[in-house]
Amino acid sequence: YDNVIRIRPKDDRAWFNKGLALRQLNELDEAIICYNKAIELKSDNDKAWVNTGFALYQLGRYDNALQCFDKAIENNPNNDKAYFNKGLAMRRVGDLEGAIAAYNKAIELNIANERAWSNVGFVLYKMEKLEEALQCFEKAAELNDSNGAVWFNQGVILDRLDRPGDALPAFKRALQLGPNADYAAKCKEILQYLSPEEGVAEEIV
């Protein structure tokens with residue numbers, strides 16, 4: 001990209017693509033500089049605003065990230081990724097209602113956004129709205145039944161709703177999909193008390 005930028009220094013796409021490459025290398029500050037240059041050259045570049053915001057989010061600068069997501073939405077009200085990322089940042093600053101509103105807008109624009117359904121479910125769970133949270137995780141699983149974390153979260157909620165018969169297969173599915181996932185140890189522990197007679201199979205190496 002540097003060669004392209006030397007030849008065409010006002011090519012906003014070249015700056016944007018360089019930013020993408022730097023983010024892949026986890027060089028977030030440098031990526032932000034490139035995205036900002038792309039925005040300087042084309043201020044209505046909603047993708048550059050989203051990517052700047054996400055890099056700022058990864059750096060923990062949530063308020064600055066929110067400003068970028070809002071600019072992306074201002075330039076393209078149909079950018080579901082901008083609303084999704086806005087939801088992530090709003091949850092981080094403690095605005096749970098605002099996060100749900102942003103995720104719901106992302107879903108309105110792209111009903112197949114499995115991650116948005118899952119994240120609405122997570123926020124609703126944090127708000128102790130268990131039945132509503134369960135419906136969201138069920139929808140996320142319907143869209144992508146190979147996401148182990150979604151099945152694990154379903155299991156947790158079903159267990160809390162005193163529905164162990166429904167929780168058990170959800171936890172089993174989660175463990176099947178993610179035997180080494182972050183939730184795996186907790187999943188095994190829960191399965192032990194939900195179904196102690198079965199135990200949890202361990203691979204013998």
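Which helix holds both Lys186 and Glu189? The points below take up that pair and others.

1. This is a predicted model, in which local features need pLDDT of at least 70 and side-chain atom pairs count only at pLDDT 80 or more, while totals for chains, interfaces and linings use all residues. Residues are numbered from 1 along each chain as its sequence is written, and side-chain values use heavy atoms, with hydrogens and water left out.

2. Lys186 and Glu189 both belong to helix α12 (residues 184-194), three residues apart, about one turn of the helix. Helices here are DSSP runs of H or I of at least four residues, numbered from the N terminus. The two side chains form a salt bridge at 3.6 Å, N to O. A salt bridge is a side-chain nitrogen of Lys or Arg within 4 Å of a carboxyl oxygen of Asp or Glu.

3. The whole structure has 10 salt bridges. One of them joins Arg160 and Glu128, with the closest N and O atoms 2.7 Å apart. Arg160 lies in helix α10 (residues 148-160) and Glu128 in the loop between α8 (114-126) and α9 (130-143), so this pair ties together parts that are 32 residues apart in sequence.

4. Lys139 and Glu142 also meet in a salt bridge, at 3.3 Å, N to O. Glu142 is exposed, at 60% relative accessibility, and Lys139 is partly exposed, at 22%. Buried means under 20% relative accessible area, exposed over 50%, and partly exposed in between (1.4 Å probe, protein chains only).

5. Asp12, in helix α2 (residues 12-24), is buried yet has no salt bridge. The nearest side chain of opposite charge, Arg13, is 5.1 Å away; Lys and Arg count as positive and Asp and Glu as negative, with His and the chain ends not counted.

Technical notes. Helices (H or I, at least four residues) and strands (E, at least two) are DSSP runs, numbered from the N terminus.
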